[in-house]
Amino acid sequence: MQGENLTSWSFFFLEGFSRYPKLEIVLFIFSLLMYLITLLGNSILILITVVDSRLQTPMYLFLGNLSFMDICYTSASIPTLLVNLLSSQKTIVFSGCAVQMYLSLAMGSTECVLLAVMAYDRYVAICSPLRYPVIMNRQVCVQMATISWVTGSLTALLETSFALRIPRCGNLIDHFMCEILAVLKLACTRSLLMDTVMLVISVLLLPIPVLLICISYVFILSTILRISSAEGRNKAFSTCGAHLTVVILYYGAALSMYLKPSSSGSQEIDKIISLLYGVLTPMLNPIIYSLRNKEVKDAVKKVLGKMYLQQTQEHL
C-alpha cells in the first residue's frame, strides 16, 4: 500500500497497543473504569451547577463548561479505544476518523482558552473582590465562554481540514485514535503549510495561555500573601489550588505532545501520554475541584439526598 494515495481508501487501521496483546485487557479495564468515573463525576458537577442556586457564579459557569468539554473529549475517543482493545480488526472509517480528530482538537483547544479565562476570573475575584460582580457579570461570562468555544472550534476545523487533505502513503495509524500528529506521519511528503498552521495554532493555544495564567497567578499570590487572616488565605488558596492543579496536569501533557520536535521520543510514549491526557485528566478534574471545595461537597450531598428521598417515596 506504500506509495498509493489514500483518496480511494475509506478506512484507517489503528495500531493501538496491538504490539502488547497481554496489556490490552488491562488497558481495557483501566480505560473503561476511568471513562465511567469521568462521565459520572462530570455529569454530577454539571447537574449541581445547574440546580443549586448557590453555585450560579462565574467560576461554576466556567466549571460546568469544562466538565461538558471533558465528557465530549473522552466520548470522542475512548469508546473507539475500548472496542479496538477487544477486537482483532482495529479499524475506523474515514468519516469517523475526521469526526474523532475534529472533536478531540476542538475540545482540547477550547479547554486551553477556558483555563486561561478561569485564571482571569480568579484574578478578579481575589485581587478586585469589590468590583468582581461588575467586571464578571453574567453577560461577560457568557461572552468569555463563547469565545473559548468559537476559538477551539475554528482552530480545530482548520487543522482537521488541512490534515485530511494531505496526500498519504499508508492507512496504518500508529495510535489508538485518529490523533492529528499520528495521522500526519502518514503524509507522503512534509507540508510546509501544514507545519506552519500547526506551529502557529500550538503557540496561540499553549504558551500564550500558559503565560497569561502565570501572570494572573503572580498577582493572585502577591494579593493572598497580603491577606491578614489565616482563614481568608486558606480559602483563597483552596479555590486557586484546584484550578492550578488542573492547569499543571493539562498543560504538562499538552506541551509534551504538541511542542516537541516531531522526530523526538517513542511513539509508544506518545500513546501513553495521550491516554493519560485523554482519560486521567478529565476524570481527575471533578475530583480536584470538589476535594477541598465545601460548596461543591454540600451541593452534591443536597442533590444526592433529594434523589434518594424521591426513590424512597416512589417505593413506599
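**View 1. Who bonds with whom among the cysteines.** Number the bonded cysteines of the protein in sequence order and you get the pairing 1-3, 2-4. Keep in mind that this is a predicted model. A search through the whole structure turns up two disulfides. If the word is new to you, a disulfide is a covalent bond between the sulfur atoms of two cysteines.

**View 2. The Cys97–Cys178 link.** Here the two sulfur atoms sit 2.0 Å apart. Cys97 belongs to helix H3, while Cys178 is in the loop between E3 and helix H6 (180–184), so the pair ties together parts that are 81 residues apart in sequence. The torsion about the S-S bond is about -125°, so this disulfide is left-handed. Are these cysteines buried or exposed? Cys97 is buried, with a relative accessible area of 0%, and Cys178 is buried too, at 1%.

**View 3. The Cys169–Cys188 link.** The sulfur atoms of Cys169 and Cys188 are 1.8 Å apart, and with 115° about the S-S bond the link is right-handed. Cys169 is found in the loop between helix H5 (138–165) and E3, and Cys188 in the loop between H6 and helix H7 (192–205), so parts that are 19 residues apart in sequence get tied together. Cys169 is buried, with a relative accessible area of 17%, whereas Cys188 is partly exposed at 33%.

View 4. Cys72 is partly exposed, with a relative accessible area of 22%, but Cys112 is buried, at 4%.

View 5. Three strands line up in the order E2-E1-E3, with mixed pairing. E2 (91–93) and E3 (172–173) stand at the edges with a single partner strand each, so one side of each has no neighbour in the sheet. E1 (residues 11–14) pairs with E2 in the antiparallel sense over three bridges, and Phe11 stands opposite Val93 in E2. Helix H3 (residues 94–127) lies across E1, E2 and E3, at about 90° to E2.

**View 6. Around Tyr251 in the largest nonpolar core.** This core has 73 residues, and Tyr251 is among those with the most contacts inside it, as are Phe62 and Leu115. H3 gives the most to the core, with 17 residues. Beyond its neighbours within four places in sequence, Tyr251 is in contact with residues including Cys112, Leu115 and Ile213.

Definitions and conventions. Residues are numbered from 1 along each chain as its sequence is written. This is a predicted model: local features need pLDDT of at least 70, side-chain atom pairs count only at pLDDT 80 or more; totals for chains, interfaces and linings use all residues. Side-chain values use heavy atoms; hydrogens and water are left out. Two strands pair if DSSP finds at least two bridges between them. Helices (H or I, at least four residues) and strands (E, at least two) are DSSP runs, numbered from the N terminus. Contact means heavy atoms within 4.5 Å. Axes are lines fitted to C-alpha atoms, for helices over the stretch in contact, and angles run from 0 to 180 degrees between N-to-C directions. A nonpolar core is a set of buried Ala, Val, Leu, Ile, Met, Phe, Trp, Tyr and Cys residues joined through side-chain atoms within 4.5 Å. Buried means under 20% relative accessible area, exposed over 50%, partly exposed in between (1.4 Å probe, protein chains only). A disulfide is a pair of cysteine sulfur atoms within 2.5 Å.
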